[in-house]
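These are my notebook entries on one chain, kept in the order in which I looked things up. I began with the sheets, then turned to the helices and the aromatic rings.

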Amino acid sequence: MVSERSTWYWKRLRAMSADEVFLRSRRTLSHRVDGVLFSTAPRLWRRSWEPGRERLLGADVSTGPIGFMRAERGAGLRRRFPDATDALVVRAEMALVGRMRFFGYPEVTLQVARPDIDPFTGRRWPDRHGKRIDYRRTDIGDPKWIWEVHRCQDLTVLAAAWLATNDERFARAAGDRLIAWIGAHPPGRGMAWSNGFEAGIRGISFALTVDALRGSPFLTGSDLERALISLWQHGRWIVRDPSTGSSANNHRIGELVGLVTISCLAPELRDGRRWLGPALEALVREAAIQIREDGTSVEQAFSYHLFVVDLLLVAVGVLDAVEHQVPDDVISALERSGNALWAQLGDNEPAPTYGDSDDGRAFVLDAEDQRDPRGVAASIAARLGHAGAARASGGLDPSAWWLFGGTGEARFGRTPAAPTPGDITLSAGGLTILRDDQRRLVLDHGPHGHTTLAAHAHADALRVDVSLGARELIVDPGVGSYFARPAFRDAFRGTGFHATVAVDGLDSSVSGGPFLWTQHAQTRLLTLDLERGFVVAEHEGYGRLDDPVLHRRAVLAFEDGSVLVVDRLAAAGLHRYSQRWPLHPSLELESKSPERLVARGGGVGVVIGVSSSAPIVVTSGKGQLEPPTGWWSDRLESIIASWLVSFDVEARGSVELATLIVPFQTNEVPEARVGLSAELDGGLRVEVFGGSRRTEVAVDLRSTRIRWHLEQEQP
């Protein structure tokens with residue numbers, strides 16, 4: 001254990017710059033002093049963290065709501081979204097009795113008075129300085145679960161339910177729990193204070209709850225002042241412990257939006273006025289960095305893109321409510337994100353699942369466990385009048401109403417929806433999407449992830465996903481696990497779980513730990529012809545091997561919905577190449593051979609035909625534990641058995657594989673055969689029998705000057 005911990009810290013240090021190491025060392029010293037003062041000199045500690053009303057509050061305490069958490073918004077929710085309001089009330093009733101469910105874990109009844117007890121192990125998280133808790137290596141419980149409890153988003157659910165129904169039980173519980181939490185969790189102590197990001201997300205929850213309860217009998221006098229002082233403590237913690245350097249991912253945006261929300265909704269705080277300007281300036285910088293020019297997220301994780309966009313939307317909603325100008329660059333980041341959501345969310349298409357996903361939410365004012373991507377698009381459309389986001393959304397949702405109210409509803413209603421997206425490339429994010437009728441194919445040729453850590457990326461270079469209408473066929477596996485099941489964490493983010501080619505059983509990028517990649521596969525787009533549905537890309541992730549391997553993949557989409565994939569693995573020595581095809585758990589594998597597999601279920605199916613320049617061995621697995629093989633995940637800590645089929649080739653020198661993918665929704669299984677032969681000049685001739693045609697394709701993937709053409713096409 002000591003050796004493992006030391007190795008991890010060494011790899012983590014190597015991912016930092018010298019300046020980052022220096023800054024982190026200073027912060028570590030500050031945290032240690034803070035912890036010592038709490039235990040040995042409590043008066044000095046209180047002077048630092050509880051300096052009193054006169055020092056913190058510079059204006060009369062407001063007795064009415066300042067932001068968007070107002071009774072008129074609640075009444076509007078009840079009128080416009082009666083079903084969503086009913087569901088919100090059900091969730092609030094559950095919160096009243098402590099019933100909670102996070103991630104893929106079963107529902108539990110939380111001991112509200114003892115929230116640091118893990119409900120599954122019965123063990124208590126340590127009552128020590130949050131930065132001194134080694135949550136990565138512990139048998140106490142899953143740190144993600146306890147963090148989720150301490151984000152206190154049940155308070156905003158209770159407050160929203162009160163505003164929508166006038167049921168005082170919800171408001172009273174929100175106020176009582178807020179004050180109880182503050183009294184039980186001094187700043188810096190325990191898992192709730194393990195980083196600035198958790199303080200930022202909780203700060204949003206607290207600020208929204210405090211604002212909703214202002215002027216009510218449920219948070220008055222000394223309790224209101226105590227809540228405002230807690231907001232100051234959260235802001236100070238964020239300022240003292242920011243996610244910077246190699247950790248400056250979505251966490252940094254969460255911290256900054258926490259500061260903006262606290263500063264706007266608690267104007268009585270003297271320091272809040274000082275925090276707002278720098279926080280907005282930093283938020284502008286991070287929005288420009290983390291949302292690329294094509295609107296995708298630098299983290300290469302769709303769910304975290306939604307999380308970041310929701311954070312920006314909270315900031316905009318709060319700034320609008322207090323009539324503070326929203327920076328143009330923040331609006332621009334939302335505009336770009338709306339473009340990317342439109343490109344990826346065609347009508348009736350499933351949401352992408354690439355990269356990590358942890359079910360985390362920037363704010364919770366509804367009954368949903370997970371944030372609906374189309375709901376995020378609705379909020380963008382309501383604030384910006386974005387036509388693409390309006391198309392992707394399918395309609396206004398409750399979160400958009402809370403954030404932007406009647407003004408946003410009217411803007412949404414005036415916004416004409418953009419046309420449904422067709423073939424498109426998001427070049428900065430490295431996603432090419434090819435559509436035909438109901439078939440959607442996605443080829444990932446993007447960068448590996450953000451900063452030196454690339455913490456939330458997967459080793460999925462040149463991954464292919466295929467869906468038919470709303471049904472997923474060839475899938476990204478999802479996230480699996482973070483901390484609870486290390487073997488599944490490794491497997492789900494590894495190359496072998498994705499629809500690409502693994503070499504010698506290795507990942508295309510090199511992992512240094514659960515949220516750390518020490519070497520990143522570099523991927524390049526070589527050829528793109530959207531009009532004819534043709535794209536070629538390559539990656540050099542296996543260039544690190546003693547005998548380097550270059551993987552080049554060409555994809556050609558036919559008009560009948562079938563797709564040809566040609567892989568070239570260029571090397572000199574002997575290697576084992578495994579072309580993987582993970583299938584959605586709704587599909588059953590009906591047959592497989594070295595030339596073909598057939599899988600179907602629920603009225604849809606897929607046939608995959610394969611040919612290679614070397615002999616193929618086909619293997620398959622479903623729901624295997626050691627090693628993990630054949631699993632799919634719909635949310636964090638939820639794993640579902642699904643078929644994983646592998647076409648394996650062991651050969652010396654370069655190898656080509658040609659694969660035809662034919663989605664179908666008929667009773668009759670269509671033909672899908674591929675013939676592969678070499679041309680005199682060294683290129684390939686691929687003969688395709690599938691879908692409704694026989695086609696011959698000539699393709700040469702030996703150099704970056706790609707040569708290809710359709711030679712014959714016969715019905």
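**Entry 1: conventions.** I take two strands as paired if DSSP finds at least two bridges between them. Helices (H or I, at least four residues) and strands (E, at least two) are DSSP runs, numbered from the N terminus. The model is predicted, so I kept to local features with pLDDT of at least 70 and to side-chain atom pairs at pLDDT 80 or more, while totals for chains, interfaces and linings use all residues. Residues are numbered from 1 along each chain as its sequence is written, and side-chain values use heavy atoms, with hydrogens and water left out.

**Entry 2: the four-stranded sheet.** I followed an open sheet of four strands in the order S8-S15-S22-S19, and its pairing is antiparallel. Strand S8 (501-503) and strand S19 (617-622) stand at the edges with a single partner strand each, so one side of each has no neighbour in the sheet. On average, neighbouring strands here are turned by 25° against each other, direction ignored; for such angles the axes are lines fitted to C-alpha atoms, for helices over the stretch in contact, and the angles run from 0 to 180 degrees between N-to-C directions. Within this sheet I checked strand S15 (residues 574-582) against strand S22 (residues 643-652), and found them antiparallel and joined by nine bridges, with Pro582 opposite Leu644 in S22.

**Entry 3: the eight-stranded sheet.** I then traced an open sheet of eight strands, ordered S11-S12-S13-S14-S23-S18-S17-S16, again with antiparallel pairing. Its edges are strand S11 (523-529) and strand S16 (588-593), each of which has a single partner strand, so one side of each is left without a neighbour in the sheet. From one strand to the next the twist averages 15°.

I looked at strand S13 (residues 550-557) in some detail, since I wanted its cover and its partners together. Seven of the eight residues of S13 are buried, where buried means under 20% relative accessible area, exposed over 50% and partly exposed in between (1.4 Å probe, protein chains only). Strand S12 (residues 534-539) pairs with S13 in the antiparallel sense over six bridges, and His539 stands opposite His551 in S13. Strand S14 (residues 563-570) pairs with S13, also antiparallel, over eight bridges, and the bridge partner of Ala557 in S14 is Val563. S13 and S14 make a hairpin with five residues between them, and in that turn Gly561 has a positive phi of about 100°.

**Entry 4: two covered helices.** How many of the residues of H7 are buried? Eight of the eight are, so H7 is largely enclosed by the rest of the structure; among them are Lys144, Glu148 and His150. The cover over the buried residues of H7 includes strand S2 (108-109), H8, H9 and H10, a contact being heavy atoms within 4.5 Å.

Helix H9 (residues 168-184) has 17 residues and reaches 24 Å from its first C-alpha to its last, close to the expected 24 Å, that expectation being 1.5 Å times one less than the number of residues. The buried residues of H9 include Phe170, Arg177 and Trp181, and their cover includes helix H6 (82-96), helix H7 (143-150), H8, H10 and H11.

**Entry 5: aromatic rings.** I paired rings of Phe, Tyr and Trp (its six-membered ring) if their centres lie within 6.5 Å, calling planes under 30 degrees apart stacked, over 60 edge-to-face and the rest tilted. By this rule I have 21 aromatic pairs. The ring centres of Trp49 and Trp237 are 5.9 Å apart and the planes stand at 45°, so this pair is tilted. The pair links helix H3 (residues 42-49), which holds Trp49, to helix H11 (residues 221-240), which holds Trp237, across 188 residues. Trp49 is buried at 0% relative accessibility, and Trp237 is buried with a relative accessible area of 0%.

For Trp162 and Phe218 the ring centres are 5.9 Å apart and the planes at 80°, so I noted the pair as edge-to-face. Trp162 lies in helix H8 (residues 153-165) and Phe218 in the loop between helix H10 (196-213) and H11, 56 residues apart. Trp162 is buried at 14% and Phe218 is buried at 11%.
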